[in-house]
Amino acid sequence: MGGGSARHGEADTGRVGESETGPGGTAAAGRVAQPVVGSFRFWFATRRWEWSEPVYRMHGYVPGAVEPTTELLLGHKHPDDRPRVAALIARAVERGEPFSSRHRFLDTSGVEHQVLVVADRITEPASGAVVGTGGFYIDLTDTLTDTENVVLGQALPEVVEARAVIEQAKGILMHAYRISAEQAFQLLVWRSQETNTKLRSLAVQLVADLALLPPLGPDAGNTFDPMLLTVHQRVPSSSRERRDD
């Protein structure tokens, strides 16, 4: 198989959805609720999907119980979102683009999930040819309105002083992915925890990186996803490590 330009092994994260949170992303005692995150890969030539265990569970399946296919994936999409997602998948194959989207799907019990798909291209190491796309499913269904206040006021008290730059970073994510302020903050917390990078440092670098991008248009996700997935790599080492309270 080809290697990935994104670091797909970085967070095959049942960790976020299972060890840190309870069912549906509910916070365990004394901990802040986080979105459930799982990884995926889609190989263009064979149209083959690979799902991590959390992605199976998001859809209501026992991991490995079904073979993920484009037909199965589209069958779960909310009827209002299905045509758009189908067009995004077709365009990914035709143009060699990442499959990035914010949409809704229904699990096997009929429960609606709101997800953000953040992805990058998978390339062959030798030739650099684009052979697929891979990244993360982020289930934002159970966004808690008080998550940000809990994190800012208790879990990461040093962040209170850096509120302005975090608000800027949130605004960038809200614009790029058309998500709420709470969901944008959850994305920042997820990347902070998964990469062991201080939340403030991540926000500072994200704001700085924005100046290197062209204006964000309708397809902002395709441009923005690689930057979001790698922003921690550009944080100076002296500011990188996240302190656990």
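**A walk through the predicted model**

Arg 191 sits over the face of Trp 190, 4.6 Å from the ring centre. A charge counts as over a ring if NZ of Lys or CZ of Arg is within 6 Å of the ring centre and within 35 degrees of the ring normal. This is a predicted model, in which local features need pLDDT of at least 70 and side-chain atom pairs count only at pLDDT 80 or more, while totals for chains, interfaces and linings use all residues. Residues are numbered from 1 along each chain as its sequence is written, and side-chain values use heavy atoms, leaving out hydrogens and water.

Now the sheet. It is open, with 5 strands in the order β2-β1-β5-β4-β3 and antiparallel pairing. Strands (E, at least two residues) and helices (H or I, at least four) are DSSP runs, numbered from the N terminus. Two strands pair if DSSP finds at least two bridges between them. At the edges lie β2 (48–51) and β3 (101–106), each pairing on one side only. Neighbouring strands are turned by 30° against each other on average, direction ignored. Axes here are lines fitted to C-alpha atoms, for helices over the stretch in contact, and angles run from 0 to 180 degrees between N-to-C directions.

β3 pairs with β4 (residues 112–123) over 6 bridges, in the antiparallel sense. Leu 106 has Glu 112 of β4 as its bridge partner. Helix α4 (residues 82–95) packs on the sheet and touches β1 (36–43), β2 and β3. Contact means heavy atoms within 4.5 Å. The direction of α4 makes about 130° with that of β3.

Next, the aromatic rings. The structure holds 8 aromatic pairs. Rings of Phe, Tyr and Trp (its six-membered ring) pair if their centres lie within 6.5 Å; planes under 30 degrees apart count as stacked, over 60 as edge-to-face and the rest as tilted. Phe 40 and Trp 49 are tilted because their planes stand at 35°, with centres 6.0 Å apart. Phe 42 and Trp 49 are stacked, at 4.1 Å centre to centre and 15° between the planes. Phe 40 and Trp 49 are both buried, and Phe 42 is buried too. Buried means under 20% relative accessible area, exposed over 50%, partly exposed in between (1.4 Å probe, protein chains only). Ring pairs link Phe 40, Phe 42, Phe 44, Trp 49, Phe 99 and Tyr 137 into a cluster.

Glu 67 lies in the loop between α2 (53–58) and α3 (70–76). Its relative accessibility is 59%, so Glu 67 counts as exposed.
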